[in-house]
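Subject: Structure handover

Hi,

Here is the structure I promised to pass on. My notes on it follow below.

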Amino acid sequence: TSHTAKMGVSQFIEDVIERNLIRMINSIPLLELLVDLRESQILSDAEIIDLRNIQSSKQRNIAFINILKCRQDRQFDYFCNLLCKHQSKIVHKLGIQLQKDSYGEDDVNQGLPMSSTQESLLESSLSQAKIKESLMREVFADQKKRQLFGMLGIFHRSSPIPVEAIMSIWQCDQDGTISLLQELRQCGLLEFKEAEW
């Protein structure tokens, strides 16, 4: 079976965007987020200049959403996290809603720091997306696993994490730690190579 991939967010995330499109167009405080979006490489310098030149906030948000659709799922999740951390209740609630929809969970953000998600979601081929979606729902149905995964947000996104360090913050033995890391890898949430850890 040949595997096919497309540039941009997965169809699942594209559907999430479409369901929340009106709220996103009306509520994204884009000018306030430009620095973070540049640092995370979601937007280039040229794209920021183009967006700033659009006078209407709604037209600017539409242009941004079209750019966002061309990025990867992990970058969409990073964007959601920016919204969740925003001081405006309307913006915060939009971020929560987008995260909830993207995980298919009603309580995905209750007491759980989701900041690691955007750093660790991997690019998925379309042929694997549905399988990973199902596995992810199963993993995140367990509140304890959601909390443990959220703890990984303290680590730097580009550095390998020693399994001993994860065992320490999770207060879990090696077998239990490796078992959960393997589950998270199956979901496409992180890379886990035992030989390197």
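One definition before the helix packing: axes are lines fitted to C-alpha atoms, for helices over the stretch in contact, and angles run from 0 to 180 degrees between N-to-C directions. Please also keep in mind that this is a predicted model.

**Helix 6 and helix 7**

With that in hand, take helix 6 and helix 7. Their axes lie 7 Å apart, and the packing angle is about 145°. The crossing of helix 6 past helix 7 is left-handed. By class, this contact has ten nonpolar residues, five polar and one charged. From helix 6 the contact takes F76, D77, F79, C80, N81, L83 and C84. Helix 7 answers with V91, H92, L94, G95, I96, L98, Q99, S102 and Y103.

The loop between these two helices holds K85. Helix 7 itself covers 89-103. Is K85 buried or exposed? K85 counts as exposed, because its relative accessibility is 59% and the cut-off for exposed is over 50%. K85 also pairs up in space with G95: the two are ten residues apart in sequence, and their C-alpha atoms are 8.2 Å apart.

**Helix 3 and helix 6**

Helix 6 (residues 73-84) also meets helix 3 (residues 30-39). Here the axes come within 11 Å and cross at roughly 140°. Angles over 145 degrees would count as roughly antiparallel, and 65 to 115 as roughly perpendicular. Helix 3 and helix 6 are therefore oblique to each other. Helix 3 passes helix 6 in a right-handed crossing. The residues of this contact divide into six nonpolar, no polar and one charged. On the helix 3 side they are L33, D36 and L37. On the helix 6 side they are Y78, F79, L82 and L83. F79 and L83 turn up in the list for helix 7 and in the list for helix 3.

Two residues here are worth a look. S40 and Q41 both sit in the loop between helix 3 and helix 4. Helix 4 runs over 45-52.

S40 counts as buried, because its relative accessibility is 10% and buried means under 20%. Which residues does S40 touch, leaving out those up to four places away in sequence? They are Q75 and Y78. S40 and Y78 are 38 residues apart in sequence, yet 8.2 Å apart in space, C-alpha to C-alpha.

Q41 is exposed, with a relative accessible area of 61%. Its phi is positive, about 65°, although Q41 is not a glycine.

**Another positive phi**

Q171 also has a positive phi, about 50°, and is not a glycine. Q171 is found in the loop between helix 11 (163-170) and helix 12 (174-186). At 75% relative accessibility, Q171 counts as exposed.

**Whole-chain numbers**

How many helices and strands does the protein have? There are twelve helices and zero strands. Of its 197 residues, 45% count as buried. The protein exposes about 10800 Å², and carbon and sulfur atoms supply 49% of that area. Now take the contacts with a separation of 6 or more: residues 24 or more positions apart account for 64% of them.

Best wishes

Methods
Residues are numbered from 1 along each chain as its sequence is written. This is a predicted model: local features need pLDDT of at least 70, side-chain atom pairs count only at pLDDT 80 or more; totals for chains, interfaces and linings use all residues. Side-chain values use heavy atoms; hydrogens and water are left out. Helices (H or I, at least four residues) and strands (E, at least two) are DSSP runs, numbered from the N terminus. Buried means under 20% relative accessible area, exposed over 50%, partly exposed in between (1.4 Å probe, protein chains only). Contact means heavy atoms within 4.5 Å. Accessible areas come from the Shrake-Rupley method with a 1.4 Å probe; for residues, only the protein chains shown count as cover. Angles under 35 degrees count as roughly parallel, over 145 as roughly antiparallel, 65 to 115 as roughly perpendicular and the rest as oblique. A crossing is left-handed if the near helix is turned anticlockwise from the far one by less than a right angle, and right-handed if clockwise. Ala, Val, Leu, Ile, Met, Phe, Trp, Tyr, Cys and Pro count as nonpolar, Asp, Glu, Lys and Arg as charged, and the others, Gly among them, as polar.
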